[in-house]
Every structure is written in C-alpha cells, then in structure tokens.
Amino acid sequence: MTAILLAAGTSSRMGSINKMGLPFRGKPILLWAVDQLLIAAVDEIIVVIGHEVNWAKELLQGKAVQVVVNDHYLSGQLTSIQAGLQAMSDTKSDFLIGLADMPLLLTEHYNALLVHHQQQHSPTISFPYNGEVAGHPKVFSASFRKMIIDLQSDPQKGAKPIILQHPSAVQHFITSDEAYFFDVDTPEAYAKLITR
C-alpha cells in the first residue's frame, strides 16, 4: 500500500499563513500528518509539495518519505495526485490519497479505512462516508492508477471524475468520526481545532 499525502497548496483561505506550518500538538500540521502515516499500515509514503518548497523539504528532512515537488500545483489538486502516482515505486500497489490538512486523523483512522478497503473485492474505491457527505482519505485499487494519471479534466476536481465514472467500485466506509471530515482550511477551522 502506497500513501500519497497532498501538501502542495497555497493555503489561500488562510490569508498569508501557510497552514502546513501551523502548530498542532507540538508539531507543524504537515509533520503531524506524516508522523501518523509513518506508523500506519502502509509500505511507502509520498509527500507532494509545491508551495514554499524549501521550507517543506527542510521540515521533512530525515523522515522516511519520498518528497515529490509538483511544479504545476497552482493548476489544481489533480496535478499533485498525478505527480504522486507517477512517483510510486510499486506501480501495482493499491494507494491511499490523503490530505495533509486533516490533523484529527490518527494512525488508527488510516488503519481502519485500510482494513475496510482490503476486505473488499477489487477493483475498489474506498472512502469515509456519513449520510451524504464523503470524507478523506480515499483508497484506490492499483488498477485505477493509470486512469488517474491519464485523466484530463478540471484539475480542481482532483480524482472525483474517476469515482463518478466507476460507481460500482465504490465501497463506503460508513463512519460518523469527525476526523475523516474535518480539515483546516480557514482561520476559524484552526481556532476550532486548537480549542478541542
């Protein structure tokens, strides 16, 4: 299993602050997310960066992750996903696509979703689901790798078109756990996070 962690954005809704560097439990949010994945049931971790590259590289120095720079990150999330998929060492591995700005996600959350995914019949797309709300991360069977790399659509939509094109492959991980649905996109969300 390969984990691709997306951390390339500009944090535009945070104003002038790079949310990846905001502290959470004594660590920058980006480092917190990486450390949770490092002890999860994954074989490889790829962190895709783009904004403030030098800072991110320095922060991740010494971590057992592959750092990939997406020079086209301003075009949208899909470009970061594709950069991560192209960097996979095992192209036949299933893969998890996660967002680095979801600090409530702990190792146990990742593992629970991965167990759910591994219990399904391939090809499968697994992700948290609560009512009508889809969460993150999303886990794909290996057969979807080339489809996403070749995808040509609105880059802002990420891999969503692939999910919509393959409804029979979707296996919802039913949960009400807020960790799968809470991201830190705004100052208000960060204020809510640190008052928990």
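## Overall fold

Residues 24 or more positions apart make up 69% of the chain's contacts (heavy atoms within 4.5 Å) with a separation of 6 or more. This is a predicted model, in which local features need pLDDT of at least 70 and side-chain atom pairs pLDDT 80 or more, while totals for chains, interfaces and linings use all residues. Residue numbers start from 1 along each chain as its sequence is written, and side-chain values use heavy atoms, leaving out hydrogens and water.

The chain has seven helices and 10 strands, taken as DSSP runs (H or I, at least four residues, for helices; E, at least two, for strands) and numbered from the N terminus. Of its 196 residues, 54% are buried, that is, under 20% relative accessible area with a 1.4 Å probe and protein chains only; exposed means over 50%, and partly exposed lies in between.

## The core

Let's look inside. The largest nonpolar core has 68 residues, and Leu30, Val47, Phe140 and Ile148 touch the most other members. Helix 1 (residues 29–38) is the top contributor, with seven residues. Such a core is a set of buried Ala, Val, Leu, Ile, Met, Phe, Trp, Tyr and Cys residues joined through side-chain atoms within 4.5 Å.

Beyond its neighbours within four places in sequence, Val47 contacts residues including Leu5, Leu30, Val34 and Leu60.

## Helix 2

In helix 2 (residues 53–60), Val53, Ala56 and Leu60 are buried. They line one face, because they fall within an arc of 70° seen down the helix axis, judged by directions from the axis to the C-beta atoms. Their cover includes helix 1, strand 4 (44–49) and strand 5 (66–69).

Exposed Asn54 and Glu58 sit on the face turned away from the buried side of helix 2. After helix 2 comes Gly62, with a positive phi near 90°.
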